[in-house]
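Please find below a note on the model under review.

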Amino acid sequence: MITLNEVGKSYGGDVEIGPVSFEIPTGGITALVGPNGAGKSTLLTMIGRLLGLDTGAIEVAGYDVASTSSKDLAKIVSILRQENHFTARLTVRQLVGFGRFPHSKGRLTTVDEEVISRSIDFLNLGDLEGRYLDQLSGGQRQRAYVAMVLAQDTGHVLLDEPLNNLDMRHSVQMMQHLRRAAEDLGRTIVVVIHDINFAAHYADHICAVKDGKVVEFGTPGQIMTDAVLTRVFETPVQVIQGPQGPLAVYY
Amino acid sequence: MPETMAPPHTAAAPARTTPRRSGALPTARSRRRYRFVLAALVVLAVGFGWGLLAWDNPMPPGTPGFWRIAELRGTSVVVMLVVAFCQAMATVSFQTVTNNRIITPSIMGFESLYVAVQTAAVFFLGAAGVTAVQGIPQFILQVLIMVGLSVALYGWLLSGRYGNLQVMLLIGIIIGGGLGSVSTFMQRLLSPSEFDILTARLFGSVSNADASYLPIAIPVCAAAGGLLWAHSRRLDVVALGRDTTVNLGLNHRAEVMRGLFLVSLLMAVSTALVGPMTFLGFLVATLAYQLADTHDHRLVFPVAVLIGFVVLAGSYFIMKNVFYAQGVVSIIIEVAGGSLFLYFILRKGRL
């Protein structure tokens, strides 16, 4: 469970986040949605302690992210940012191997190797594990990054726009992988997602963020209504019943 | 695991004959290549080292006279080892903690600082000042000034709200340029004879190095280099950038600050010993990554140090025995390093 208590962050002037208080339940996928600049990514990076908070406190699985040592947190929560560019030239397997660093400090054991292999296979990268990252397509590279945070073997996984720059097919595959990670591996996954329809179909909970505050939190059924979505996105949205659940139409 | 996790094409793949391992060198071919590169570099290093001691040695090898002459030349070989070690370890680590493969510590104003110290000594104290910047206390003072300045700069820049490396590097360039201008200004005002003495000191030269510095320089380098080596697995992680480093549980700022402190120590010793070597670090680090072809610092460091020694000893050997101009080894390194720098940037098309 992730608990935010009166969390705030100010950027000098009028841009600010919070105060935000809410809980992300254990298990399943929670999607953070909202308009651009609402503070979704900021909240996610604060939970993942990549960004400090000005006020309030965040707890992940009962550990305060500000006071718990980073070393221990790395075994509790993992976070993947949107932009990943490495100067080092790495193969897929070497990259995924870095996910074991919190456990092995760089000396990979047989157990680590097994976890790495499982993580690679989980994302269907078995045939590509010897390839260098710069030889992969965007979708494959994104899967490799996700394999790395899964190899970290943390109960909570935070992903900042994992569907960014992915086409339809790769977006669907990525969400199915995450779905299985939540169900089969029991991970609690928090994703920032732009496509509300993806969130509605794959997430268990949707958290709508607007102007630095959490304005709605609920199941997809509760969030997917004309009134809520129109208010959150400040654009007329109609929800219709599609063949596989509600669809937001906003074109 | 449930069956859904293994899609048909993966499940149907033939059983792997080799165990799946992660290692820094993923294939047998890359491991062979690395061993070959290391062996070739060791052979070259020993060859040039021996060449410097024995080439043109009038006494027959093995006689006491031969060893006496070799001993006299041995100092410059040791100096080259120290400089190669410093420059290689410092540049590779610096590029890791600053997360780039182009900028080297020279850009942080190190060499300009050295030039400014030397020029100021000659300017304010006259030709007599040259002797004033020699001797062990002055050597220590010079190292301390350089480390102090760089740590103050890093500490201030990385702790404040300008806590990013781009700003730090920009300020480094500006300070370097400013010190360079001040030095140039003072050099204009020098008398020709004083300028001549100064120029001789500013050319990176292993033959100028004072052997009495070595008892201090060697332990300092060994300690700084040893610490970098001990933290090489952490450096592997730091090379992935701040966000990934924090995610994997390391204190990024502490890692960077420690790295930069050790780098400034190594660079200060090297510069105080033989003067500016602008492109040596770049040459060494770039070639090391090309030849070692791995991200693992434990494998890159030895290759880089050996390349550094081969480049230094090789160019010294050539300058001494082909061009008879042993005082200006840095010229050949600048030419080779500068050309590689241009080639690298033009080929890659970006920094």
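1. The model is predicted: local features need pLDDT of at least 70, side-chain atom pairs count only at pLDDT 80 or more, and totals for chains, interfaces and linings use all residues. Residues are numbered from 1 along each chain as its sequence is written, while chains are lettered from A and ligands numbered from 1 in the order in which they are written.

2. Chain B contains 15 helices and 0 strands (DSSP runs, numbered from the N terminus: H or I of at least four residues for helices, E of at least two for strands). Of its 351 residues, 41% are buried, that is, with 20 or more other C-beta atoms within 10 Å of their own, the C-beta atoms being placed from the backbone.

3. Among contacts in chain B with a separation of 6 or more, 78% join residues 24 or more positions apart; two residues are in contact if their C-beta atoms, placed from the backbone, lie within 7 Å.

4. Helices α2 (residues 28-54) and α14 (residues 297-321) of chain B pack at an angle of about 30°, their axes 9 Å apart (axes are lines fitted to C-alpha atoms over the stretch in contact; angles run from 0 to 180 degrees between N-to-C directions). Residues of α2(B) in this contact include B:L41 and B:F48, and those of α14(B) include B:L306 and B:F317.

5. Between the chains, 36 residues of chain A are in contact with 30 residues of chain B. On the chain A side, α5(A) gives the largest share, 5 residues.

Conventions: Buried ≥ 20, exposed ≤ 12 C-beta atoms within 10 Å, placed from the backbone.
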